[in-house]
Amino acid sequence: MKRCFDFFVSFTLLLFVSPVLIFLAIIVRITLGAPIFFIQVRSGLYGIPFKIVKFRSMVHACASDGALLSDSERLSRFGRFLRVTSLDELPSLWNVLKGDMSLIGPRPLLMEYLPLYSAEQFRRHEVRPGITGWAQINGRNSISWQEKFTLDVWYVDHHSFLLDLKILWLTFGRVLQRRGINADGEATAPKFTGNN
């Protein structure tokens, strides 16, 4: 039932927001240049890698020594708008349609984090990752990694169709309120470096 719901909603949303996607793609191309999309390998169901698609929000800028500048320094003004409004996530509906992701679930994180999880934290991969989830409506990037993972595992143990509808509904409110978008001093969240 969850997969059918994901497919139907993502397909319907992609049809309805296609003019918005085209408009945003043009603005990203004008303000940031190519490529329009940010594509990165993330860990999916059972930790299996997949390529997530989002709108690009950062410029490619390096320091004098050739090292890439921090995320906060590379985040463009329009990119910040995309992040604040979560519009950068719209292309990820394609991932939901394909079955890489669900509408609701733990956020898909970097593959390099996989060996850093505790056995309990790794349980977040027992369900498909989502565009939004229990951790996103309960703090998003303003809470610690440990708190996020605890919320993710809670969702794994308690997920249901009604809970998904509740999370989906509350997500709209969180996006409008623009709460928990980034941790202090970060463009989004600090890098996860393990539990020690």
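Which residue in strand 2 does Ile-39 stand opposite? It's Val-53. Before I go on: this is a predicted model, where local features need pLDDT of at least 70, side-chain atom pairs count only at pLDDT 80 or more, and totals for chains, interfaces and linings use all residues. Residues are numbered from 1 along each chain as its sequence is written, and side-chain values use heavy atoms, with hydrogens and water left out.

Strand 1 (residues 37-43) and strand 2 run antiparallel, joined by 7 bridges; pairing takes at least two DSSP bridges. Helices (H or I, at least four residues) and strands (E, at least two) are DSSP runs, numbered from the N terminus. Between the two strands sit 5 residues, and in this hairpin Tyr-46 has a positive phi near 60 degrees. Strand 2, residues 49-55, has 5 of its 7 residues buried, meaning under 20% relative accessible area with a 1.4 Å probe, protein chains only.

Now helix 7 (161-177) itself. Helix 6 (145-158) packs against helix 7 at about 140 degrees, axes 10 Å apart; axes are lines fitted to C-alpha atoms over the stretch in contact, and angles run from 0 to 180 degrees between N-to-C directions. From helix 6, Trp-154, Tyr-155 and His-158 meet Leu-163, Asp-164 and Ile-167 of helix 7, contact being heavy atoms within 4.5 Å.

Definitions and conventions: Buried means under 20% relative accessible area, exposed over 50%, partly exposed in between (1.4 Å probe, protein chains only).
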